[in-house]
Amino acid sequence: TRDRLSKREIGKEERIQLISELEALHTFSGIINRTRRRDIGEFTIRKPETVEIKFTPEQKQLHDEILDTQEQVFKSLHGDMNVKFFMTTIRRQVSSCLGGLVPLLEDILTRRLQELSSDEMIATEEGSLEKAIDKIEASINSILEKARTLNEHDPKLDELRKVLAKKQEHGNNKVIIFSSFRHTLAYLHEHLLADGLRVGLVHGDIPDVDRIVIRKRFKLDRSDEDALDILLFSEVGCEGLDYQFCDCIINYDIQWNPMKIEQRIGRIDRMGQESESIAIFNFVTPGTIDADIYNRCLLRIGVFNSALGGSEEILGKITREIRNIADNFSVNEEERASKLEQLADNEIRKMKEEEDLEEKQAELFG
């Protein structure tokens, strides 16, 4: 071990092994025996970029009507979590992709509300869950009619096309696009294929065997006629395979969970990444709940700039608090923004304290 330590240069993998061996020598090795990413060093430089895309006036009107409807539904439900989940999904989908909203609403009307209606009825102060469902169904039908007649011009999709076109001019033209929603992925897949781009789609229902084939095609050189240049991913779809030959991801919508953001970025920011830096494009629409969470909280805790280490417990709490703030209709937009900033301030302080404690622990054990 001394001979290995005396070497002027030590590779990253050997360094990890040496750290493990040295930690095993001290008395508390059974308690403190965890390799942290800060021990290894950052693999690459992360270069996040915020891409702001404003709604068209027609899109803004539809967005606001959906939020008004959701607020009324939330106030009438008195805590029924199943229906709240449906309405929150609609609101997040609006921030993600208005073009993909129609199939989502149709799915909720034809399948999800029927499933909910068949469950055991839960009484509320104003009547039954069944009455609440009838009210929601009428509201969604009204929104659905407006969504069907929405102008097809989509500024967010146009901005995506610009980013992709610029990336295709680079030597490494591979791009991974993330969305939390199947309907958004389907919408993007349809339009990008129509643009003549070589696009693959991976989500939770794609079999593992097919995912491996798609990954192999994505890794092929662009000169190969069977190659894919762009991959569309859901959170579940990206698990299990690494893509360190790609150096660009696009978050088409913003995850509220910082750990899931890290999982997205971690598909390419890992050992073996061939580029010195990776590009992270975050698409955000001002005036949406996603934009508030992104600007007031997620950017400030630094999740896009570097790995947040062993702060899983803190990040889990942040996720819960974000959802509590987002679903609190007793506060206005200004108050919600203030609460998100307070949350970021408190948790940044806690993460800094944890880092300081770990550094002192490292000094204590040499």
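**View 1. Helix H8 meets helix H9 through a handful of side chains.** Leu157, Leu160, Arg161 and Leu164 in H8 touch Tyr187, Leu188, His191 and Leu192 in H9, a contact being heavy atoms within 4.5 Å. This is a predicted model, where local features need pLDDT of at least 70, side-chain atom pairs count only at pLDDT 80 or more, and totals for chains, interfaces and linings use all residues. Residues are numbered from 1 along each chain as its sequence is written, and side-chain values use heavy atoms, with hydrogens and water left out. H8 (residues 155–167) and H9 (residues 182–194) pack at an angle of about 55°, their axes 12 Å apart. That makes H8 oblique to H9; angles under 35 degrees would be roughly parallel, over 145 roughly antiparallel, 65 to 115 roughly perpendicular, and the rest are oblique. Axes here are lines fitted to C-alpha atoms, for helices over the stretch in contact, with angles from 0 to 180 degrees between N-to-C directions. The crossing is right-handed, meaning that the near helix is turned clockwise from the far one by less than a right angle.

**View 2. Six strands line up in an open sheet.** The order is S1-S8-S7-S4-S6-S5, with parallel pairing. Strands (E, at least two residues) and helices (H or I, at least four) are DSSP runs numbered from the N terminus, and two strands pair if DSSP finds at least two bridges between them. At the edges sit S1 (45–52) and S5 (199–202), each pairing on one side only. On average, neighbouring strands are turned by 20° against each other, direction ignored. Elsewhere in the sheet, S4 and S6 pair in the parallel sense over 4 bridges, and Phe178 has Phe233 of S6 as its bridge partner.

**View 3. Strand S8 has partners in S1 and S7.** With S1, S8 runs parallel, joined by 8 bridges; with S7 it pairs in the parallel sense over 4 bridges. Phe281 of S8 is the bridge partner of Glu49 and also of Ile250. Of the 8 residues of S8, 6 are buried, so the strand is largely enclosed by the rest of the structure. Buried means under 20% relative accessible area, exposed over 50%, and partly exposed in between (1.4 Å probe, protein chains only). Helix H11 lies across S1, S4, S7 and S8, running at about 150° to S7.

**View 4. The largest nonpolar core has 40 residues.** Such a core is a set of buried Ala, Val, Leu, Ile, Met, Phe, Trp, Tyr and Cys residues joined through side-chain atoms within 4.5 Å. Ile176, Leu298, Ile318 and Ile322 have the most contacts inside it. Several elements each supply at least two residues of this core, including S4, S8, H11 and H13, but the largest share, 7 residues, comes from H12. Leaving aside neighbours within four places in sequence, Leu298 touches Ile254, Gln255, Trp256, Pro258, Ile261, Ile293, Val303, Phe304 and Ile322. Apart from this core lies another, of 21 residues, among them Cys97, Ile230, Tyr252 and Phe283.

View 5. Beyond its neighbours within four places in sequence, Glu347 is in contact with Ile314, Lys317 and Ile318. Asn328 and Glu71 are 257 residues apart in sequence, yet 9.2 Å apart in space, C-alpha to C-alpha.
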